[in-house]
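Take a first look at the model below.

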Amino acid sequence: MRETGKSQPVGALRRRLVLEAPVETPDGAGGQLTSFETVAAVWAQVEWLSGNERWRAERPEQAASHRITLRWRADVDAGQRLRDGDKVFDIKAAGDPDGARRRLICLVEEVSR
């Protein structure tokens with residue numbers, strides 16, 4: 001029997017998140033406007049990793065890093081985001097930890113201003 005990594009307990013993926021992808025449209029002045037459209041609703045496990053405060057545009061913002069685990073999907077990539085109500089998680093990296101296409105680990109950042 002082949003060992004493919006640890007399995008998740010039943011009920012670990014208990015948060016319902018919305019996967020969103022960026023859509024760019026011309027702004028009429030030669031630039032692009034970026035909006036996000038819903039790709040799918042997914043069940044996930046969200047784990048807090050770390051947090052910090054930084055200054056951007058002369059005001060403080062708090063950033064928290066999380067690990068979000070989903071069932072494996074081929075259409076998830078950096079640049080997309082996951083939404084949990086008002087919370088937005090920008091996907092920085094996504095990968096299949098053991099190559100078995102069972103789960104997908106997303107490293108994300110949540111920024112609040």
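This report goes from the whole chain down to single residues.

## Ground rules

This is a predicted model, where local features need pLDDT of at least 70, side-chain atom pairs count only at pLDDT 80 or more, and totals for chains, interfaces and linings use all residues. Residues are numbered from 1 along each chain as its sequence is written, and side-chain values use heavy atoms, with hydrogens and water left out.

## The whole chain

The protein has 0 helices and 6 strands. From the N terminus on, the order is β-β-β-β-β-β. Helices here are DSSP runs of H or I with at least four residues, strands are runs of E with at least two, and both are numbered from the N terminus.

The C-alpha atoms fill a box of roughly 60 × 30 × 20 Å along the principal axes. Of the 113 residues, 27% are buried. Buried means under 20% relative accessible area, exposed means over 50%, and partly exposed lies in between (1.4 Å probe, protein chains only).

The accessible surface comes to about 7600 Å², and 47% of it belongs to carbon and sulfur atoms. Accessible areas come from the Shrake-Rupley method with a 1.4 Å probe; for residues, only the protein chains shown count as cover.

Contact means heavy atoms within 4.5 Å. Among contacts between residues at least 6 apart in sequence, 51% join residues at least 24 apart.

## How the strands pair

Two strands pair if DSSP finds at least two bridges between them.

| Strands | Sense | Bridges |
|---|---|---|
| β2 (residues 32-56) and β3 (residues 59-71) | antiparallel | 12 bridges |
| β3 and β6 (residues 103-112) | antiparallel | 10 bridges |
| β5 and β6 | antiparallel | 6 bridges |

Strand β3 pairs with β2 and also with β6. On the β6 side, His66 stands opposite Val108, and Thr69 has Ile105 as its bridge partner. Strand β6 also pairs with β5, where Ala94 has Cys106 in β6 as its bridge partner.

Strand β6 is mostly covered, with 7 of its 10 residues buried.

## The turn between β2 and β3

β2 and β3 form a hairpin with 2 residues between them. Ala57 in the turn has a positive phi of about 55°. Glu58 lies in the loop between β2 and β3, and has a positive phi of about 60° although it is not a glycine. Most residues other than glycine have a negative phi.

Is Glu58 buried or exposed? Glu58 counts as exposed because its relative accessible area is 77%.

Arg101 also has a positive phi, near 55°. Arg101 sits in the loop between β5 and β6. Arg101 is exposed, because its relative accessibility is 58%.

## The nonpolar core

A nonpolar core is a set of buried Ala, Val, Leu, Ile, Met, Phe, Trp, Tyr and Cys residues joined through side-chain atoms within 4.5 Å. The largest one has 15 residues. Those with the most contacts inside it are Leu17, Ile68, Leu70, Val76, Leu82, Ile91 and Cys106. β1 (15-26), β2, β3, β5 (87-95) and β6 each supply at least two residues of this core. The largest share, 4 residues, comes from β2. In soluble globular proteins, nonpolar side chains tend to be buried together.

Which residues does Leu17 contact, leaving aside its neighbours within four places in sequence? Among them are Ala40, Val42, Val46, Ile68, Leu82 and Asp84.

Ala63 is found in strand β3. Ala63 counts as buried because its relative accessibility is 6%. Ala63 and Gly51 are 12 residues apart in sequence and 5.6 Å apart in space, C-alpha to C-alpha. Not counting residues up to four places away in sequence, Ala63 touches residues including Gly51, Asn52, Glu109 and Val111.

Ser65 is in strand β3 too. Ser65 is partly exposed, because its relative accessibility is 26%. Ser65 touches Glu47, Trp48, Leu49, Ser50 and Val108, again not counting residues up to four places away in sequence. The C-alpha atoms of Ser65 and Thr25 are separated by 29 Å, and these residues are 40 apart along the chain.
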